[in-house]
Amino acid sequence: MIYLQLFWSFLQVGMFSFGGGYAALPLIESIVVKQHGWLSVNEFTDLITISQMTPGPISVNSATFIGLSVGGFWGAIFATLGNIAPSIVLVTLISWLYMKYNSLDTLQTVLRALRPAVIAMIATAGVTLIIAAFWGERAIGFSNINRVAVVLFGLAMFFLLKYNTNPILVMVLAGVANVLWAVLSGTVQL
């Protein structure tokens with residue numbers, strides 16, 4: 001019975017948590033803490049922390065963790081499947097519709113019209129990340145810029161574009177270089 005409760009509870013989370021993982025947290029809390037009492041408020045806070053530290057969507061990580069806590073291995077399986085089932089169905093349906101109607105001129109016109117908006121959203125996210133990396137909480141201005149971040153960004157772009165270097169290797173090397181700089185400049189003590 002607990003497996004069905006876990007599946008049904010997280011199926012609801014998967015169906016109604018539009019807006020991403022953080023939008024799902026109040027719904028998860030309502031179901032897990034208030035409705036079923038599977039976790040206390042403190043345990044739910046710990047759950048959010050653990051879900052943040054592990055790779056993957058917070059909603060799926062939460063489902064797996066709660067399922068494991070409440071129903072063991074099979075509880076984790078049922079909760080996770082309940083959480084991802086709506087997405088699987090929706091993506092499958094959209095893919096099928098796309099494959100069936102991708103040659104229609106109307107669909108191609110709609111997709112061409114959406115491309116600039118998608119590019120704008122990606123560019124906005126990129127600019128936001130650059131501002132956060134170069135200035136952080138400081139006011140934007142040349143005197144406040146994080147010069148180390150700018151140099152690492154430039155080197156990363158150079159290696160990615162010029163030599164087609166593996167992005168993971170570039171990220172690791174940038175992290176190592178930043179730590180070395182912090183140690184050598186005395187900002188961080190080992």
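This note goes through a predicted model point by point.

1. **Basis.** The model is predicted; local features need pLDDT of at least 70 and side-chain atom pairs count only at pLDDT 80 or more, while totals for chains, interfaces and linings use all residues. Residues are numbered from 1 along each chain as its sequence is written, and side-chain values use heavy atoms, with hydrogens and water left out.

2. **Nonpolar core.** The largest nonpolar core holds 17 residues. A core here is a set of buried Ala, Val, Leu, Ile, Met, Phe, Trp, Tyr and Cys residues joined through side-chain atoms within 4.5 Å. Buried means under 20% relative accessible area, exposed means over 50%, and partly exposed lies in between (1.4 Å probe, protein chains only). L6, F10, V13, I28, V32, F44 and I66 have the most contacts inside this core. Four helices, α1 (2-16), α2 (21-35), α3 (41-53) and α4 (58-101), each supply at least two of its residues. With six residues, α2 gives the most. Helices (H or I, at least four residues) and strands (E, at least two) are DSSP runs, numbered from the N terminus.

3. **F10 and its surroundings.** F10 is among the core residues with the most contacts. Not counting residues up to four places away in sequence, F10 touches I28, V32, S62, A63, I66, A79, G82 and N83. Contact means heavy atoms within 4.5 Å. I28, V32 and I66 are also named among the most-contacted core residues.

4. **S62.** This serine sits in helix α4. S62 counts as buried because its relative accessibility is 0%. Its contacts, leaving out residues up to four places away, are F10, I28, L47 and S51. F10 and I28 are on the list of core residues with the most contacts.

5. **T80.** Helix α4 also carries T80. T80 is buried because its relative accessible area is 16%. Beyond its neighbours within four places in sequence, T80 is in contact with V60, A63 and T64. A63 is also touched by F10.

6. **Helix α5.** Q108 lies in α5. Apart from neighbours within four places in sequence, Q108 is in contact with Y98 and N102. Q108 and P57 are 51 residues apart along the chain, and their C-alpha atoms are separated by 31 Å. V118 is also found in α5, which covers residues 105-134. V118 counts as partly exposed because its relative accessibility is 38%.

7. **Annotated spans.** The unreviewed UniProt entry annotates "transmembrane region" at residues 6-25, 113-135, 141-161 and 168-188. UniProt positions are given in the numbering used here, feature names are shortened, and annotations may be inferred rather than shown by experiment. In the model, residues 141-161 are 71% helix and 0% strand, with end C-alpha atoms 27 Å apart. Residues 168-188 are 81% helix and 0% strand, and their end C-alpha atoms lie 24 Å apart.

8. M157 is found in α6 (residues 147-162). M157 counts as partly exposed because its relative accessibility is 34%. Its C-alpha atom is separated by 23 Å from that of P116, 41 residues away along the chain. N164 lies in the loop between α6 and α7. Its phi is near 50°, a positive value in a residue other than glycine. N164 counts as exposed because its relative accessibility is 69%.

9. I168 is in α7 (residues 167-184). I168 is exposed because its relative accessible area is 56%. Together with M171, V172, V176, L180 and L184, I168 forms a nonpolar surface patch of about 640 Å² accessible area. Patches are made of residues with over 30% relative accessible area and no salt bridge: like charges are joined within 9 Å, nonpolar side chains (Val, Leu, Ile, Met, Phe, Trp, Tyr) within 5 Å. Areas come from the Shrake-Rupley method with a 1.4 Å probe; for residues, only the protein chains shown count as cover. A salt bridge is a side-chain nitrogen of Lys or Arg within 4 Å of a carboxyl oxygen of Asp or Glu.

10. **A174.** A174 is also placed in α7. A174 counts as partly exposed because its relative accessibility is 24%. The C-alpha atoms of A174 and V151 are separated by 9.9 Å, at 23 residues apart along the chain.
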